[in-house]
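Here is a friendly walk through the model shown below. Keep the 3D view open as you read.

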Amino acid sequence: MFNKFFSLIGLLSLTVSVAVAQSGIIRGQLTSSETGEELIGATVVIKGTNSGTATDLDGKFSFNNLQPGTYELQASYVSYEPKAVAGVVVKDGEVTVVDIRLGSSTTALKEVVVEARAIRSSEGTLRNIQRKSALVMDGISAEQITRSGDSDAASALTRVTGISVEGSKYVYVRGLGDRYVKTALNGAEIPGLDPNRNTVQMDLFPSNLLDNLTVSKTFTPDLPGSFSGGYVNITTKDFPDRYTLQLSSSVGYNSQATFNSNFLSSNKGGLDWLGFDDDTRAVPDEIDYTIPSESFTNQERAEQIDKATKAFNTEMAPSRMTAPVNHSHTFSLGNQTELFGKQFGYVVGLSYQRNFSYYDNGSFGVWKLKSASAEELDNNKLFSDERGVEEVTLGLLANFSYKLNNNNKISLNLMRNQNGQNSSRFLSGTYPENFGVYDESAIFESRALHYIQRSLTSGQLKGEHVLPGFKNSKVDWLASFTLSQQDEPDLRFFANDYFITGADTAYSIRVSNYSPPSRFFRNLDETNLDLKLNLETPFTIWNGLEAKTKFGVAALLKDRSFRENIYRYRFSNAYNYNGNVEEFFAPENLGIVMQPSDPESGGIYNYGVYLQDGSQRTNNYDGEESVYAGYAMIDLPVTEKLRVVAGARLEATDIYVESFNPLLEPGNLNQVDILPSVNTTYSLTEKMNFRLGYSRTLARPNFREIAPYTSFDFVGEPALVGNANLKRTLIDNFDARWEWYPAVAEYIGVSAYYKNFQNPIERTINTLAQNPQIDINNVDNAKVYGLEFEINKRLSFVTPSLENFLVGANLSLTKSQVNISESELALIRTLNPEAESTRPMFGQSPFVANATLSYQSEPLGLVATASFNMFGDRISAISIGGTPNIYERSRPIAGLVVSKRISEHFSAKVSANNILNPAYKHSHEYKGEEYIYSSYKVGRDFSVGLTYLIN
Amino acid sequence: MLTGSVLSFSSCSDDDDNGTDIDEQTGEEIVVTASTAGTGNVTWTADNTYILDGFVFVNEGQTLTIEPGTVIKGRPGTGENSSALIVARGGKIMANGTADKPIIFTTEEDDVNDPNDIPATQNGLWGGVIILGNATTNRGSGGVGAIEGIPTEDTRGQYGGTNDADNSGVFKYVSIRHAGTAIASDNEINGLTMGAVGSGTTIEYVEVFANQDDGFEWFGGTVNTKYLVSAFCGDDMFDYDEGWRGNNQFWFGIYVENDGGTGGEHDGGTDPEDGQPYAMPVISNATYIGSGASRTTTGTLVIRDNAGGKYYNSIFMDFAQGITIEDLASGEDSRTRLEAGQIDFQNNIFWNVSDNTFNGIGTVGTTTEPWTVALLSDAAKNNRIINPNLSGISRTANGGLNPVPATGSSALSGGAAPSGSFFQSTDYVGAFGTTNWLKGWTYLDQRGYLD
């Protein structure tokens, strides 16, 4: 992978040197000032020469090999007012970019934008996409991401209206999580990495590789039908109009981690710094067999146990080190040039981040409501929590585009994202549930060493074609292949307890109360093949306006395998823990400690501390999913002001999941659905739209949910049991939005929505189980409704001197309710007779709010942005019985980023993030009192960076 | 020695003995594989050895009869790979062994004719035995539960109903050894688990030897028991939950020096914890011998979650920690049961428990529970701190264990049987008067622990 990448860089630097040694170039794009659409086949000429060209399928044009000087461009297009742009200066070796907007002949002349620097991915561009869209859409541009200083797509998305991000990774749109959100990379579906989730972890995408992020909140038939909250599309950088090179580096300081000599860590591999495990954590090569169960007489089995036990490393507890500074580096390079006489554009990007985070201020408690008359919750566990995490994210992107001629373009996008996270945790405290006493002399301790390595490798080939012989119809196609992998090599747990009696401390590991020391190896591989073909045909209708039909077919093929190996330590009574982890695993204690020939052995093999295989067949499964789809839709301007986009999509689903346990029924879902959609847009004024929409969408169970096996997480979390008989969920979505675009990059909008779910898939408590267990079931109904407000406005309307200030704010208010199953409700009501029969959906915040205030001064080269984000309390775990559910508590996140141009090519950036350093808190509330489930603070972050930019 | 080639037959195999060198054992090894059909109405005979492969159920309506002297072995493995015998609600087990010919449940590794082929106190080598019935529990979910370790989608794992006189059969002169593997994550199985077993069932002379989890555990139900032995288990000797109300006499429990949980773990309800009926068993003539003073983590009794319970005429000795009767700020606790007269201790002997004072026995860690101290030290209750002078205490197989009180022992008098026809009238304290009823049928005897 690496060698390939570096040779690629070498290749590209060659083409760069060719590209810069030329005379001047003019490039630009023609768009409609009304709809923002690109104008294809329009004419652009240079006045006074016979140089002329037609715009291509992106509305773009280019004049190469121009002598330096000043030129005038003339642009014209059928039914549009022609326009001349004078004073276009061409310099030697530079590209001048001229974007022209043409107004239709009935409207007044519009402004021409001549920009010395090409600003792609600007907020204005994004707003244009949003405005001309047939559906309700929000988003964030690279420009905004830079301003707020977000390092990855996950944190950038929190700025978008109605979006919240769970655990810094998973996107919730309008309070709907995972199952109801679809993530796509450049329009192609990509697999998630968490075996229990549908969506991809957004922190995998470094922000410098992004062009924009858009969130479609309503469904049109050309989108996949399996979302309701939102369809999140990550658009990676496209090639620029001219040579661009950017290099930047920054170093960061975290108030809790950086230079802290108590940083909790563990053994590392030689490639950890790149986000890979170099097999340091792999199952030792010698173990090419299943460790047999104990035999005290069989030599072969005894020796296999012995050999396996001794082959593993024995680092089972965290160690301490001093954490260095955080740092991040990005590089990107792009240009367009000619290759075999045709236009060739490319961009390559590289991103690297290494961050250390640490807290020792955490607490963790398990609470229970024991009876209906209780005045308070009783405590079952109360631990202090300490954790150190080292995280490396590496991103590589290469995007190539080749224009065969004005009507045909092919592009190739390659991406690889790698993330390695080494986390070490130590919990310690009272455990009355197990020890029968709540006493500081009876202490439980637990350690976890967890390395998780995630990668996403994607290759996408796309084509766009205009068919001049067929009414300038557009054909586009896409073939995307994605491989996503998540490895958790050697996830280690070691727990023990101790009792203090007087001066005496007695340690032990009680395997009857909690898990023995164990090692887990997990591996998830998933491939997605996404194929799409669309045909869009414009035609003129009765009122002289242009309508479009769109037809398409698509196939999505997924393939997943999940594997888990478990090894558990067992030990004979005489080898119990004495308080020293290293001594517990001392070489003389491992494996066979006495041979049968030993006179004290009793004539049998005696073991000290030894390994047993605890792997479960049911925890290994393979899944296949195919979705074949076809759709037809029409985009109809009924009048000048009223646009209707209507159609339907047919989706045929086939999901099959089979575990290694032949006794378990395979999960299977076969279904054909028709999903209608109507979206109307009424232009109240030229800059103001009112939208109304209805659509039906669906949600499918994921592989894990439909695989009927039981899996466990740790630290007393309930078991999760899949369900082979799950049905898919149907959702009716109703949407309304009023939006106003007062000026470039300004936007004000208000939306309302209502969603009704049939057979939603929910996690429900199994009331029969003796140990906490969560089942996946279809419950009969759920509802979500809400309002969204957004404003992005320059403060010049207050007083002109505030022209450079831009304020942005959005707020979304959502309410949801899911029916609680009858048996679960009956159990809840034995403890809480007043309990309601519904609860909010998992993860849904009653509000999500964002605010930013930016100051931008082009002459000073100064951009300063203060940002603020907050969500309302949301359910993060459903409790068993009448114990109130656990809510993740609202926390204010504030940051400040200032960047300043210091020379033509250099700029500096200073940022402060998480300035308020609130607690990340999950808690129950009962009779006005708060009971903390988990709480910790992550510290404030400060960074300084330098960017070198040629544009 | 039984090494290697175990014959795999389905439960109705023909006679196709290919000459495996099974010495002394006659008959066949019959592998009983888990199936939805259950065992059927069948008799397991003493001339064969039965190998449990997976969760083998006696289904509703089926009766499994086991002849005296029959050996049943569980295959090794954890989780879904573990093996256990489960008598479902409405199924019956007729395991009527005799003192001469006990029925033995052990691991596949164990050649029962060679007592020394496994370390004596090795535990967790196979699952265990579970009996489920139709009696009442105090579970919030209509009194019905799914027994731990069995996947909840298998309804045969459910227990609980409305028939307190329910009869699950006879389980007598049975020895369960080396069991208690984790049948689900963090979930070891007990030697003998009884879920909502009714009072029509007979449970007598049952030994659980070296189980990784508890020796015996009850989840609700009304079954009565006599002559139970919990020897060298990894967790509690005797554990009850969810409102068990049985009468019990003659229990013996002993720990090794460096393992064990709590002599008696006694819990009430789960959800809700004040669920009715409250646990209210009566236990008379128990002898619990802990790990000794050096293992400071071992406690005598924990009574909580609104559990009640009464101990009469019993000996508790060699426990570093005493008795905890839970007191919660919410008031939903066993202290409330104590104050309602639903927890009682009478005519018991404590020796080398904590610091040999009632105050110490009522103290765990640094916390003293005055209500516990007051109950134990109430003169009218006749609880004594005195050496019962047992004839011999040994935790290793050296022939030194004889829990019968020596001549002149204070334990030979001072007892008074609780009322009720179930209880045999005795005046001695502890599980033994003058005869050692462990003799003959237990692994303790076979392995050479007994004097």
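Which residue of β22(B) is the bridge partner of Tyr240(B)? His266(B) is that partner.

## About the model

This is a predicted model, in which local features need pLDDT of at least 70 and side-chain atom pairs count only at pLDDT 80 or more, while totals for chains, interfaces and linings use all residues. Residues are numbered from 1 along each chain as its sequence is written, and chains are lettered from A and ligands numbered from 1 in the order in which they are written.

## A parallel sheet in chain B

Strand β20 (residues 238-241) of chain B runs parallel to strand β22 (residues 262-267) of chain B, and three bridges link them. Strands here are DSSP runs of E with at least two residues, helices are runs of H or I with at least four, and both are numbered from the N terminus; two strands pair if DSSP finds at least two bridges between them. Strands of a sheet pair through backbone hydrogen bonds, either parallel or antiparallel.

Follow the open sheet of nine strands in chain B and you meet β4-β7-β10-β16-β18-β20-β22-β24-β27, with parallel pairing. At the edges stand β4 (55-58) and β27 (321-325) of chain B, each with a single partner strand, so one side of each has no neighbour in the sheet.

## Nonpolar cores

A nonpolar core is a set of buried Ala, Val, Leu, Ile, Met, Phe, Trp, Tyr and Cys residues joined through C-beta atoms within 7 Å. Buried means that 20 or more other C-beta atoms lie within 10 Å of the residue's own, exposed means 12 or fewer, and partly exposed is in between, with C-beta atoms placed from the backbone. The largest core has 124 residues, and Ala84(B), Ile86(B), Ile131(B), Leu132(B) and Leu444(B) touch the most other members. A second, separate core of 93 residues includes Tyr180(A), Phe239(A), Leu524(A) and Ile655(A).

## Chain A overall

Chain A contains nine helices and 52 strands, and 50% of its 951 residues count as buried. Along the principal axes, its C-alpha atoms fill a box of roughly 110 × 60 × 55 Å.

## Where the chains meet

The contact draws 58 residues from chain A and 57 residues from chain B; residues are in contact if their C-beta atoms, placed from the backbone, lie within 7 Å. On the side of chain A that touches chain B, α9(A) gives the largest share, four residues.

Technical notes: Two residues are in contact if their C-beta atoms, placed from the backbone, lie within 7 Å.
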